[in-house]
Amino acid sequence: MDLFEKCYADTRADDLRAEGLYPFFHEITSRQQAVVDIDGRRTVMLGSNNYLGLTSDNRVIEAAKCAMDKFGSGCSGSRYLNGTLSIHNEMERALASFFGKEEAISFSTGFQTNLGILSGLCSRHDVVYMDRANHASLVDGARLCFAQVRKYPHNNMEALEELLARCPEDRGKLIAVDGVFSMEGDLADLPDLVRLKKSYGARLLVDDSHGAGVMGATGRGTGEHFGLMDEIDLYMGTFSKSFASLGGFVAGSHKVLDYLKHNARAYIFSASMPPPNVAAVIEALRILQAEPEHLRRLHENADYMRQEFRRLGLPAGQSSAPIIPISTYWDDRTFMVTRALLNQGVYVNPVVSPAVPPGQAILRTSYTAAHNKEHLDYALEQFADVLLRKYPQADV
């Protein structure tokens with residue numbers, strides 16, 4: 001059999017292109033901000049994770065430029081060898097201090113961070129417990145590590161406890177979970193997770209990619225939101241969202257992170273973060289701490305949209321973060337709605353099977369501190385027109 005046969009047989013993308021409904025890889029020709037240029041049209045961006053609106057902040061951009069002038073455009077090697085710059089250590093000290101951990105280490109992407117943590121830390125003698133709604137990077141990290149993987153239904157703490165109770169005492173146990181679930185916008189049940197990890201001698205890894213810089217009174221994430229930051233053993237986050245850059249990090253105890261630095265293949269064998277990206281993180285973190293109004297506006301915008309979706313009678317999910325899913329149920333309807341919204345100047349992310357079970361497709365909408373009421377009200381008008389008048393649920 002020809003290895004490439006499956007590629008030629010898969011016509012899903014071509015079929016959508018032929019129907020004018022293909023919703024992916026749209027070309028943006030402007031900065032990533034509240035309104036962007038897509039296909040020559042000014043479009044309200046409701047699909048970005050630029051939560052604090054800092055990717056277009058001139059201070060962040062200038063910091064990145066200065067770092068490039070000083071250190072160059074890249075490091076030409078891994079952190080393990082020639083790729084550790086003073087600016088990397090400065091960033092990691094700032095992150096450890098902000099999140100209240102002994103140490104932090106950074107990876108070149110958020111995806112690599114979870115691959116590195118799980119494959120570097122867990123082995124055949126360990127068990128990893130995973131929420132079924134976890135991000136793909138946690139899922140793939142668990143596949144790489146050769147540990148036994150036990151999945152439990154989303155946020156079902158009774159099911160998790162049953163699994164933990166059956167684990168032999170001589171096995172290492174890690175509970176790995178999203179802090180903010182990236183599609184649903186709801187939060188991990190951190191109080192119960194902490195109770196269970198203590199009761200059964202497990203460790204807790206929280207992937208707070210959508211919580212760092214977003215949740216909690218000062219943006220320290222889901223742990224701060226619940227007052228349980230000290231109970232998280234490994235706190236993971238990314239820079240491609242609130243921190244206006246690219247990369248990822250994990251914060252925790254010095255001994256555990258030192259072990260990862262010498263055992264995580266995704267860390268040892270990957271080029272280190274380029275200096276401009278590092279400088280952008282440092283500046284974004286400084287702005288987050290100095291200007292709490294960004295965090296306040298972010299949540300005001302998300303709360304306003306939740307309230308207005310309810311008023312319109314749209315089937316919006318019960319999220320706690322600036323991610324609000326709207327149920328569109330069926331894939332075909334989702335593609336048509338996504339195209340209609342884009343034609344009317346609103347960008348959203350379609351989420352269809354197999355990313356969700358059949359009949360549970362959603363529009364993933366997300367909000368930033370850069371949105372103003374005019375942007376949001378315009379989007380609401382288009383949601384009402386497309387979802388309630390042009391493509392009501394019964395039509396598909």
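A cavity is a set of points, on a 1 Å grid over the protein atoms alone, where a 1.4 Å probe fits but cannot get out. A pocket is an open set with protein on both sides within 12 Å along at least five of seven lines. Lining residues have an atom within 4 Å of a point. Grid points are joined across faces, edges and corners, and a volume is the space filled by probe spheres set on the points. Rolling a probe the size of a water molecule over the atoms shows where empty space is left.

The structure is a predicted model, in which local features need pLDDT of at least 70, side-chain atom pairs count only at pLDDT 80 or more, and totals for chains, interfaces and linings use all residues. Residues are numbered from 1 along each chain as its sequence is written, and side-chain values use heavy atoms, with hydrogens and water left out.

The search of the whole structure finds 3 cavities of 30 Å³ or more. The largest cavity has a volume of about 60 Å³. Its lining consists of Arg79, His88, Ser106, Phe107, Ser108, Ala266, Tyr267, Ser270, Ala271, Ser272 and Met273. Helices (H or I, at least four residues) and strands (E, at least two) are DSSP runs, numbered from the N terminus. By class, the lining of the largest cavity has 5 nonpolar residues, 5 polar and 1 charged. Here Ala, Val, Leu, Ile, Met, Phe, Trp, Tyr, Cys and Pro count as nonpolar, Asp, Glu, Lys and Arg as charged, and the others, Gly among them, as polar.

The largest pocket holds about 1,200 Å³ of space. It is lined by 50 residues, and those closest to its centre are Ala133, Asn134, His135, Ser182 and Met183. Two or more lining residues come from each of helix 5 (110-121), helix 6 (136-144), strand 8 (234-238), strand 10 (323-329), strand 12 (349-351) and strand 13 (361-366). Helix 6 gives the most, with 5 residues. The lining of the largest pocket divides into 18 nonpolar, 22 polar and 10 charged residues.

Side chains of opposite charge can pair when their charged atoms come close. A salt bridge is a side-chain nitrogen of Lys or Arg within 4 Å of a carboxyl oxygen of Asp or Glu. The structure holds 19 salt bridges. One of them joins aspartate 192 to arginine 195, with the closest N and O atoms 3.2 Å apart. Both residues lie in helix 8 (190-200), 3 residues apart, about one turn of the helix. Aspartate 192 is partly exposed at 25% relative accessible area, and arginine 195 is partly exposed at 36%. Buried means under 20% relative accessible area, exposed over 50%, and partly exposed in between (1.4 Å probe, protein chains only).

Aspartate 233 and arginine 203 also meet in a salt bridge (3.1 Å, N to O). This pair links distant parts of the chain, 30 residues apart: aspartate 233 is in the loop between helix 9 (222-226) and strand 8, and arginine 203 is in strand 7 (203-207). Arginine 203 is exposed, with 53% relative accessibility.

In helix 13 (293-312), arginine 306 and aspartate 303 lie 3 residues apart, about one turn of the helix. Their salt bridge brings the closest N and O atoms to 2.9 Å. Arginine 306 counts as buried because its relative accessibility is 10%. Aspartate 303, at 41%, counts as partly exposed.

Phenylalanine 243 lies in the loop between strand 8 and strand 9 (248-252). Phenylalanine 243 counts as buried, at 0% relative accessibility. Its C-alpha atom is separated by 13 Å from that of alanine 63, 180 residues apart along the chain. Asparagine 89 lies in helix 4 (86-99) and is partly exposed, at 31% relative accessibility. The C-alpha atoms of asparagine 89 and isoleucine 105 are separated by 8.5 Å, and the two residues are 16 apart along the chain.
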